[in-house]
Amino acid sequence: MSERSERTGKAGAREHSPLWEVFVRARRGLAHTHVGSLHAPDAELALRNARDLYTRRQEGVSIWVVPAGAITASSPDEKDAFFDPAADKVYRHPTFYEVPDGVAHL
Amino acid sequence: MNGPFDFVLSLGDDALIAAQRLGEWTSRAPEMEEDIALANIALDQLGAARLLLTYAGELEGAGRDEDALAFLRDDREFHNCLLVELPNGDFAVTMAKLFFLSAYQLPLYTALAGCADERLAAIGAKARKESAYHLDHASLWVKRLGDGTEESHRRMQAAVDEVWPYTHELFAADPAAPVDPATLRADFDATVSAVLDEATLTRPADGWMPGGGRDGMHSEHLSFLLAEMQVLHRAHPGAKW
């Protein structure tokens, strides 16, 4: 068997296993954090693979998997228009306030 | 079998040989993610094997530790069931073996967790969580392959048919054991039937029932497996690793 036909076969297998993005919230964590991505044929297997790859089956963690195709990202080309106007208007940032003691997670 | 030593040894041997077979898959699985899952399960089985063999060595009281028990016995002294020593075959055969093994180990370890022997209860409590994961993983694949394409269905059914006869040995009655394997059969049957139904697979008829593993009478596969597993320890006996 030629090397090429093997490679084509693998590419074919990958089409059935789309890319998934994985978000994990640790046992004491507050929010889900993007930890990486993986290939899996469907959501059920993506979850199980994510558990093996990213959490080592620790108890009490929460996992989200999202097909990469379902994510819309902001475009790097429009970065200035998107984020700049906010940066020079200080009133947009709540930096004037003293944070009272005892306010956690701000 | 007689006494708790033989019982604990046989469970340890099941886990050890299962781990060895799963280890053979490393870097050869159909997908990278599956490679990791199989290695994960192999590690769990090896972990259980170490706990059980260490305890078996203590029960025996002859100074044999886990390594002495794993590397310095030959096939006639191994008490694992025949199921775990069968070759891996294709992915469907491996999944059929793992499915039947974990459908047996889960109720076994669960029952052990409630037994009077504190060490065995602790080992059971730890291992049953892992077994639940193994069963979940194998069930998923049995369903996927069984209810997948025509070819995957054919292979999964062939694998179930091939491996099924070896499941009977697991439930041979042993009333003296901390957990009588015969009492696990109903749980096993319920799990297996539900998954096979959903996978659109047929449960094979009970005919040929090979056995003997628990008495050290093994298939021809085990001695080759042991030769590979033990070669270094046999070549350099007494060395520290």
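Tutor: We may begin with the surface: in this predicted model, chain B exposes about 10400 Å², and carbon and sulfur atoms supply 57% of that area.

Student: How do you know what share of chain B is buried?

Tutor: A residue is called buried when its relative accessible area is under 20%. Of the 241 residues in chain B, 55% are buried.

Student: Why does the radius of gyration of chain B agree with that of a compact globule?

Tutor: For 241 residues, a compact globule would have a radius of gyration near 18 Å; chain B has 17 Å, and therefore the two agree. Along its principal axes, the C-alpha trace spans about 55 × 40 × 30 Å.

Student: Which elements make up the pattern of chain B?

Tutor: The pattern along the sequence is α-α-α-α-α-α-α-α-α, with nine helices and zero strands. Among contacts between residues at least 6 apart in sequence, 78% join residues at least 24 apart.

Student: What makes up the contact between chain A and chain B?

Tutor: Contact requires heavy atoms within 4.5 Å; 15 residues from chain A and 14 residues from chain B take part. The two chains bury about 1300 Å² between them, with 42% of it on carbon and sulfur atoms. On the chain A side, Leu45(A), Asp52(A) and Arg57(A) lose the most area to chain B, together 39% of what that side buries.

Conventions:
Residues numbered from 1 in each chain as written. Chains lettered and ligands numbered in written order. Predicted model: local features only at pLDDT ≥ 70, side-chain atom pairs only at ≥ 80, totals over all residues. Heavy atoms only, no water. Helix = DSSP H or I, 4+ residues; strand = E, 2+ residues; numbered from the N terminus. Rg over C-alpha atoms; globule rule 2.2 N^0.38 Å. Buried < 20%, exposed > 50% of the residue type's maximum accessible area, 1.4 Å probe, protein only. Areas by Shrake-Rupley, 256 points an atom, 1.4 Å probe, with all protein chains shown as cover. Buried area = accessible area lost by both parts, 1.4 Å probe.
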